[in-house]
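Here is a short report on one protein chain. Keep the sequence and the 3D view open while you read.

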Amino acid sequence: MKERVQKFGRFLSGMVMPNIGAFIAWGLIAALFIPDGWLGKWGPASTINNMVVPMLSYLLPILIGYTGGRAIGGQKGAVTGALATLGAIASTSSTMFIGAMICGPLGGWCIKKFDEKMQGHIPAGFEMVVNNFSVGIIGGILSILSIFVIGPACVVITNVLGAGVGFLVNHSLLPLTAVLVEPAKVLFLNNAINHGVFTPIGTAEAQEIGKSILFMIESNPGPGLGLLLAYCVAGKGETRSSAGAAAVIQFVGGIHEIYFPYVLMNPIVILGPMVGNIAGIFTLSLLGGGLVAAASPGSIIAELLMTPKGGYFANIAGIAVAAAVSFFISAFLLKFFGKDASLEEAQAQVAASKAASKGQAAPAAATGAVVHAKDVKKIVFACDAGMGSSAMGATMVRNKLKDAGVTGIEVIHAPVSEIPKDCQIVVTHHELAHRAVASNPNARVIPIKNFMGAPEYETLVKELAEGRGASGAAPVIEEKAQSSGKILLEKKNIIIGCPSVKSDEAIIRCGKMLVESGYVDQKYADAMIQRDREFSVAIGCHVAIPHGTVEVKNNISRTGIVALTYPDGIPWGDEGEVVKLVIGIAALGEEHIDVLGRISEVCGTDEDTDALVAAADAEMIYRKFNGLE
């Protein structure tokens, strides 16, 4: 049931999100040039203002209907959906966003079914005639149906929803919507709620009074900011060190899903954003806050750009109050009711919620066409709407390719239904892989389970770097790596066949080796024990990665690792997890991401690690961890 709701929600948002730019254009034009706008008294303002009503009444609904039809029936479905939407628009003076969400997919479905029935029955030479007339006839019929059935029905639906919102506002109950909104966001229904419900109703309200508070119920970045700041203060270990960067991405970048894992680590903290959003909505209602159009993504920048003249104090106050309340409640809950949890496991839960699967993502087999590295010119990251998570994935791989010295490859993000035909590789959520193959059967499709830091990224970058570089024997590659100072694991820092010891003893030995090799000083080595006690460094797959705490990162001189094998295993932590490979880590800046990526490549499963340890071959370990294998 949850999967069906998620898919329906993603489909709804997938019709609106690709057209958010048009909503923003309408909002900016309205904010600037309506009679009460910022430039409303300027001479040409009245002429420019003539665009506001047609954009709202015609352009935006037809764009939604066109997008919905295309998602189901391709280009023909898009045109059919647009025609059907026009009928709904013509039936009433009300804004037909809900009508567009019905007519668009309906048009796409009808033309798709017609094409399926006609396949193999069209005489040669009549294909174009049948294709064009089928769109015209079916689209015309649906537009008439929309005038007399769909349009009036949507007016009733809109009035009911509007009356419901009015009831909540009139009885000061609107803040209670946060009780449903915040948990729904963690289930990845945020876009469906915002763009499928609040945006249509809010746009109609904004047309009447110039703004709507509904645009800020889901998009308010304050509740998420407060939660992440609470982790900065009351969190532990990895969660505490990562929360600061996540707060910046969430608040400025507007990627709300980055805080979802922090909720899943300690589900009780959902009360923080929930009560924070209640307080924020109450403040906005009290002060008369609201936006002129939908803010997407939900960043502070988008919120301020969509704020009407004279509304900055109310909107900033609503965001600030939401953040403050969320912070104090979340910090209290973390302090007294929080539990030690793994950010990695929580991210896996996020992936599971989004993909209806569990566990860490293992590198998945690519599907579709076979593509050689030297032929790759364009890589596309695709998701339902082509925004948000896929944009983050594209940015990460673009930076990794740059760091690896790989040039001449364009990395972009796009909706899964609109994958460019000139791309050679598509990276997408495994649940969307079949749609990606259908969208571009000539591309190689790489399915992943989590756009944020998927292990497949490292494998892809390595493959492209090696395939596009100069070919040569391994010793030549090794010599180049050594001369450039990029050897991660030196041979002297590999010790195989160690007798089983206590975990603290293994950590101390790693610290000593890191100090002796000049990677860190003694203060960093001493902090490695503390780091393991705060949060176990055993990461599964029979591997432990001892490293220092955040406070001693400045005590790292250069990036490097040491490796010790324990064939008989070490019982690690309270749960007695068995560790056979201990890798001491020192990493400068963001280089720890590359180090962890290399470890995940080499030790992806228990079997991989066990085979490496059983081989008792220092040369093999050296070559694998330095990317020479």
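## Basis of the model

This is a predicted model: local features need pLDDT of at least 70, side-chain atom pairs count only at pLDDT 80 or more, and totals for chains, interfaces and linings use all residues. Residues are numbered from 1 along each chain as its sequence is written, and side-chain values use heavy atoms, with hydrogens and water left out.

## Overall chain

The protein chain has 24 helices and 10 strands. Both are DSSP runs numbered from the N terminus: helices are H or I with at least four residues, strands are E with at least two. Of the 629 residues, 50% are buried. Buried means under 20% relative accessible area, exposed means over 50%, and partly exposed lies in between (1.4 Å probe, protein chains only).

The chain exposes about 27900 Å², and carbon and sulfur atoms supply 63% of that area. Accessible areas come from the Shrake-Rupley method with a 1.4 Å probe; for residues, only the protein chains shown count as cover. Take the contacts between residues at least 6 apart in sequence: 73% of them join residues at least 24 apart. Contact means heavy atoms within 4.5 Å.

## Nonpolar cores

The largest nonpolar core has 38 residues. Such a core is a set of buried Ala, Val, Leu, Ile, Met, Phe, Trp, Tyr and Cys residues joined through side-chain atoms within 4.5 Å. Trp26, Leu60, Ile64, Leu214 and Ile217 have the most contacts inside this core. Several helices give two or more residues to it, including helix 4 (52–90), helix 5 (97–118) and helix 12 (271–287). Helix 2 provides the largest share, 6 residues.

Leu60 touches Ala22, Phe23, Trp26, Met55 and Phe97, leaving aside neighbours within four places in sequence. A second, separate core has 25 residues, among them Ile529, Trp572, Val579 and Ala586.

## Thr203

Thr203 sits in helix 8. Is this residue buried or exposed? Thr203 is buried, at 0% relative accessible area. Beyond neighbours within four places in sequence, Thr203 is in contact with Phe23, Trp26, Leu56, Phe97, Phe198 and Phe215. The C-alpha atoms of Thr203 and Leu291 are 9.6 Å apart, although 88 residues separate the two along the chain.

## A nonpolar surface patch

Leu28, Leu32, Leu39, Trp42, Val248, Val252, Ile301 and Leu305 form a nonpolar patch on the surface. Together they have about 700 Å² of accessible area. Helix 2 (20–33), helix 10 (237–253) and helix 13 (300–305) each give two or more residues to the patch. Patches are made of residues with over 30% relative accessible area and no salt bridge; like charges are joined within 9 Å, nonpolar side chains (Val, Leu, Ile, Met, Phe, Trp, Tyr) within 5 Å.

## Salt bridges

The structure holds 12 salt bridges. Each is a side-chain nitrogen of Lys or Arg within 4 Å of a carboxyl oxygen of Asp or Glu. Asp422 pairs with Lys378, with the closest N and O atoms 3.0 Å apart. Asp422 lies in the loop between strand 3 (410–415) and strand 4 (425–429) and Lys378 in strand 2 (residues 378–383), so the pair ties together parts 44 residues apart in sequence. Asp422 is partly exposed at 44%, whereas Lys378 is buried at 11%. Lys378, Glu410 and Asp422 are linked in a network of salt bridges.

Glu463 pairs with Arg444 at 2.8 Å between the closest N and O atoms. Glu463 is in helix 18 (residues 456–468) and Arg444 in strand 5 (residues 444–448), so this bridge ties together parts 19 residues apart in sequence. Asp610 and Lys580 also meet in a salt bridge, at 3.7 Å from N to O. That pair joins helix 23 (residues 606–615) to strand 10 (residues 577–586).

## Cysteines

How many disulfides does the structure hold? The number is 0. A disulfide here is a pair of cysteine sulfur atoms within 2.5 Å. For Cys498, the nearest cysteine sulfur is that of Cys510, 8.9 Å away. Cys498 is buried, with 4% relative accessible area. For Cys541, the nearest is that of Cys603, 7.5 Å away.

In helix 24 (residues 618–625), Ile621, Tyr622, Arg623 and Phe625 are buried. Just after helix 24, Gly627 takes a positive phi of about 70 degrees.
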